[in-house]
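Hi,

Here is the structure I promised to pass on. Have it open while you read, and my notes on it follow below.

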Amino acid sequence: MSIGFLNRYPLVLGEGSMYERLRRGASASFDPYIAHAGMIYDEIGRQVLLDTHCEYLDIGQQFGVPMVAGTPTWRATADRISKSRFAGRSVNTDAYAFMTELKESYGPDASPILIAGVTGPFGDGYLPEEAPDTLSAIALHTPQIEELAQTGIDFFKAQTLPSFPEAKGIAQVLSSTGLPYVLSFVVRPDGCILDGTPIDLAIVEIDNEAQHPPVNYAINCVHASVFSSTYRRAYDRNKNAAQRIVGIDANTSTKTPEELEGLEEIDTEAPQDFGTNLATLRRMLGISYLGGCCGSSTSHMNALAAQLNT
């Protein structure tokens, strides 16, 4: 199964939880509007962000596996920046510079580290009713994407997308940059995005309409069991579309988005179980990109890497 522009690597690992882990760390530099992107401007916050990334990236170095490191820009759209205390700053450019410094600290002989320019949904990733329509999405997401396109990112990753119309708008903007990009959806076990659109239909339409289609698709912020169910249902409806889904950033909870929304305590599973679940997706479905989302920690990603290494 091809992973598009990453096909020179048979396996790529993602990091574990960043946003949720740092948010719950109660850092004073975690901004209510742009989240952990604001941490790059605070000495203590910057060090916490650096240390958290390094905990994950060290796993790739230990096991000799290429890894993706995402810019801390999931919430750094122009609208959000304008409402934050960092209004007027080039937050996305500065975030890329932070990631470049981090990557270079591993030296020229390190296992590959690919920098993804990350964007996210306009609203809550669990609430598709907050998502804009396609035209509005184009206007809302263009400034951030254009800024990141001027940096040296390896590719774009638009993640935690709950709505097909917004994803179409984001895809149009990303397509216009000429850079490779991945779209990552939040789904239900029935094979649909949270707004009810079958994911295979979304893939077909975006592939047909985008001047430059995504290099591939992914699913994030759901449990591995939800991914498996969604994939198999999509495969039954459209094999070719389903095979465009090659990545997961998995939650450690089997709860639904409604159950997880606003949950005060992390609902998680044992690292060994997490590793087994994702390693099974690779073995059974050929999934080539495996990472963590809410609830995942260094221990979870280490357990995954150890299982993949056996």
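Trp74 is buried, with a relative accessible area of 11%, and buried here means under 20%. Keep in mind that this is a predicted model, so treat everything below as computed from it.

What does Trp74 pair with? A search of the whole structure finds 6 aromatic pairs, and in one of them Trp74 sits edge-to-face with Tyr19. Their centres are 4.7 Å apart, with 65 degrees between the planes. The two come from distant parts of the chain: Tyr19 belongs to helix α1 (residues 19-24), while Trp74 is in the loop between β2 (67-70) and α3 (78-83), and 55 residues separate them. Tyr19 has 26% relative accessibility, so Tyr19 counts as partly exposed. Ring pairs also bring in Phe30, linking Tyr19, Phe30 and Trp74 into a cluster.

Another of the aromatic pairs is Phe185 with Tyr217, and this one is stacked.

Now for some helix packing. Two packed helices are described by the angle between their axes and the distance between the axes. For helix α8 (residues 224-237) and helix α11 (residues 271-285), the angle is about 20 degrees and the axes are 9 Å apart. That angle makes α8 roughly parallel to α11, because the cut-off for roughly parallel is under 35 degrees. The crossing of α8 and α11 is right-handed.

Which residues make the contact? On the α8 side you'll find Ala224, Phe227, Ser228, Tyr231 and Arg232. On the α11 side, look for Asn277, Leu278, Leu281, Met284 and Leu285. Sorted by class, the contact of α8 with α11 has 7 nonpolar, 2 polar and 1 charged residues.

One last stop is Glu129, in the loop between β3 (113-119) and α5 (134-149). Glu129 has a relative accessible area of 62%, so Glu129 is exposed. How far is Glu129 from Arg46? In sequence they are 83 residues apart, and in space 34 Å, C-alpha to C-alpha.

Cheers

Technical notes. Residues are numbered from 1 along each chain as its sequence is written. This is a predicted model: local features need pLDDT of at least 70, side-chain atom pairs count only at pLDDT 80 or more; totals for chains, interfaces and linings use all residues. Side-chain values use heavy atoms; hydrogens and water are left out. Axes are lines fitted to C-alpha atoms, for helices over the stretch in contact, and angles run from 0 to 180 degrees between N-to-C directions. Helices (H or I, at least four residues) and strands (E, at least two) are DSSP runs, numbered from the N terminus. Angles under 35 degrees count as roughly parallel, over 145 as roughly antiparallel, 65 to 115 as roughly perpendicular and the rest as oblique. A crossing is left-handed if the near helix is turned anticlockwise from the far one by less than a right angle, and right-handed if clockwise. Contact means heavy atoms within 4.5 Å. Ala, Val, Leu, Ile, Met, Phe, Trp, Tyr, Cys and Pro count as nonpolar, Asp, Glu, Lys and Arg as charged, and the others, Gly among them, as polar. Rings of Phe, Tyr and Trp (its six-membered ring) pair if their centres lie within 6.5 Å; planes under 30 degrees apart count as stacked, over 60 as edge-to-face and the rest as tilted. Buried means under 20% relative accessible area, exposed over 50%, partly exposed in between (1.4 Å probe, protein chains only).
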